[in-house]
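Have the sequence and the coordinates side by side as you read.

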Amino acid sequence: MTSLIKGNASGHTGDGDANLLINEVVGVRGGIGEAARRGRAAAYDTFLRGLLPARDGVALLAVGGLGRRQCAPYGDLDLVLLHAGVPGTDELAASLWYPIWDAGLRLDHSVRTVSEALSVAQDDVKVALGLLDARLVVGDRALADSLIRTAADHWRRTAVRHLPGLREVTDARWQAHGELAFLLEGDLKEAAGGLRDVGLLRAISAAGITDALRPAVRAAHLRLLDARDALHEQVGRRVDRLVAQERDGVATLLGLEDGDALLRRVAGDARTVSHALDDAFRAADRLRSGRSRGGNGRPGRRPVARDVVEHDGELVLARTAIGARPDPSLSLRIAAAAAATRLPIARATCEWLAAYCPPLPAPWPAEARAALTTLLGAGAGLVPAWETCDRYGLVDGWLPEWTRLRSLPQHNPVHRYTLDRHLVQTAHEASRHTREVERPDLLLLGALLHDIGKGLAGDHSTVGVPLAEAVATRIGLPAAETELIGKLVRLHLLLPDVATRRDLADPVTIASVAEAVGDTGTLDLLHALVRADAAATGPAAWSDWKGRLVAELVARVRTALDTGVLPEPPAPDPALLAGPLPVVHLTGDRVAVAAADRRGLLATVAGCLALHRLEVISADASAVDGRALVECRVQPRYGLPPDPVPLRADLRRAVAGDVSVTQRLRGRALASRGGGAAPRVVWHREAATDAVLLELRAADAAGLLYRVTCALDEAGALVRAARISTLGADVVDAFYLVGGWPDDATRARLEAAVLAAV
């Protein structure tokens, strides 16, 4: 690098100066806060001035973070080499860019004349926004000022025309990155409410459309910059996504208590930015629509609900609603109207409601309950309407419990949202199933309250029951309906837990669920709730396989509730009972094997499937007419299904006792042991008709089922069914062991064998 600097066009930087400049740049990479960011910008300016001579007709402009003097510890340098057509520009640029790269700095650069820069800005709105941050670092000031002034003037004249296209690009980015306020691992820059959106606010303010950079937005922006800087410091490189394993370290650097406090602060700041940008885009829309109507055009007022009218694309209160004694249900009714019409509530209206709308009495009046049901059942309009009301504190007036739930992180890898957004999203998803249940209003309220116990000590399904019942009582539900809301909260995990961890063919399984549920109306509510809950949790919370199991459980329980008779277990596949042995069938996600009756067939099949990178999610073993039958549901461990030809061949050889296959699969499986917390065994003595249930909780690993079933077989246990449930990095595997297993010593010996295998 030193030789490049010596050989640059200026020739005025020596070896010692170059090394000093490099050390200065690298030395200021650390540090969090506005002073540190400005210090980095000053060091970069000094470094760049040492590479480029001050001369007429050439100017080096900084844009982006350096242009704003908000340099991140490991951020890019965005530079424009501006020239007036002087000769030797390419050589000058090379002498500038290469030393920057050699210094280990990331660089985004361009070389343009003023007319070229303006032409690109006219065609590319991102370039136009970048030029709004342009700042002269070194060179011809008159040349730089010409571009900066012209670009700013051009943006002011054309911003209203460009903003719809910019909004489309922004919506696509939000769709890809989600909302920072509600994500557990959000991108501080690209997600909605992140640093990229502050740039849009700055651009809208620069256009004179509205004052988008209010003090609250500026404060939120500085805190988001601090969080980004701390993340860079923590990781030691440029990264903008705040992942779970870095939260506590970033929180410590920021002087916060823990990662949860960091998430809540980021969520609050992201909400501030998002709300400001929504307001700014609406202001731009109103300005554009006003221009299209002409100078004398005035927006009309259209009634949309009692006391609510649409005015210029927003919902406002009717004049008659603003009286001496406003209706306490007014805020709920305008929220319901906003959700139903998918129109935003005007900011001034929200501020008036927050200041003057009286609190709701207990119990609520009927029209308030009706408005809440309309709001929760509005589908896609629910989330933005709820978020707007939450922004101005209206939700706290409806549900005082919401203060504790707001921005509460959920420490589970399957969850993608903070708790408050998860609850609202569940209600939104539940609105898709309202026609499947007798009481859609109770489904929607149960969806909103199902996780209300999270964040408190104890099982949230149990802790949440009195909290949910208190809410139901306050809003005016009768005692029977209040009790049903509590039941939905208590049992909202029953169906997926039983479906994935228990044998659905066992009459005891069906009888226990039927007893807990009580009636088909509640069963339908729980079925709808579990699907809504899973959809609001994230893609890892649901699968076609889980959906089929839950539907099968619901159908069997419904039969028991309707007839009082437990359904018969399904008969074995007739194809497994005919033809010469062994029989191997592969169809979709099902693997079925029949072999001569012997012990250990389940372990052999499980090991062979592990060898082909297939995870077993359920298994049934039985013996019929001297044949041992094993039927498994499987899924690829790494996404791609294996070649069925070698899989079928290995299964045939393995179940026939081929030693070479056994040795190969045993060696592969034993090499795949997983780590994690200490495994645990739980016994369930009354969970099956003719068996005892052994439940293993352990870290997930390839070949785990094979190792455990081998250990059970060697210890003399006969497994008639197995259910495998994966929860992030852990599994809960349930094994139905034939017999009573009453002896404590025998169970202890078996438990030790299983734990040793894990």
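## A proline in a loop

Proline 326 counts as buried, because its relative accessibility is 13% (buried means under 20% relative accessible area, exposed over 50%, partly exposed in between, with a 1.4 Å probe and protein chains only). This is a predicted model, so local features need pLDDT of at least 70 and side-chain atom pairs count only at pLDDT 80 or more, while totals for chains, interfaces and linings use all residues. Residues are numbered from 1 along each chain as its sequence is written, and side-chain values use heavy atoms, with hydrogens and water left out.

Where does proline 326 sit? Look in the loop between β7 (314-317) and α13 (330-341); helices (H or I, at least four residues) and strands (E, at least two) are DSSP runs, numbered from the N terminus. Setting aside neighbours within four places in sequence, proline 326 is in contact with Ala321, Trp352, Tyr356 and Pro358 (contact means heavy atoms within 4.5 Å). Tyrosine 356 is 30 residues from proline 326 along the chain, with 7.6 Å between their C-alpha atoms.

## Histidine 177

Histidine 177 belongs to helix α8 (residues 141-177). Its relative accessibility is 33%, so histidine 177 counts as partly exposed. Not counting residues up to four places away in sequence, histidine 177 touches Leu183, Asp187, Glu190 and Ala191. As for alanine 121, 56 residues apart from histidine 177 along the chain, the two C-alpha atoms are separated by 26 Å.

## Helix α5

Helix α5 (residues 89-102) passes a simple length check: its 14 residues should span 20 Å at 1.5 Å a residue, and its end C-alpha atoms are 20 Å apart, which agrees. The expected span is 1.5 Å times one less than the number of residues.

Buried residues in α5 are Thr89, Leu92, Ala93, Ser95, Leu96, Trp97, Pro99 and Ile100. Just after α5 comes glycine 104, with a positive phi of about 80 degrees.

## Where α19 meets α25

The axes of α19 (residues 419-430) and α25 (residues 520-537) come within 8 Å and cross at roughly 130 degrees. That makes α19 oblique to α25; angles under 35 degrees count as roughly parallel, over 145 as roughly antiparallel, 65 to 115 as roughly perpendicular and the rest as oblique. Axes are lines fitted to C-alpha atoms, for helices over the stretch in contact, and angles run from 0 to 180 degrees between N-to-C directions.

On the α19 side, the contact is made by His422, Gln425, Thr426, Glu429 and Ala430, and on the α25 side by Leu529, Ala532, Asp533, Ala535, Ala536 and Thr537.
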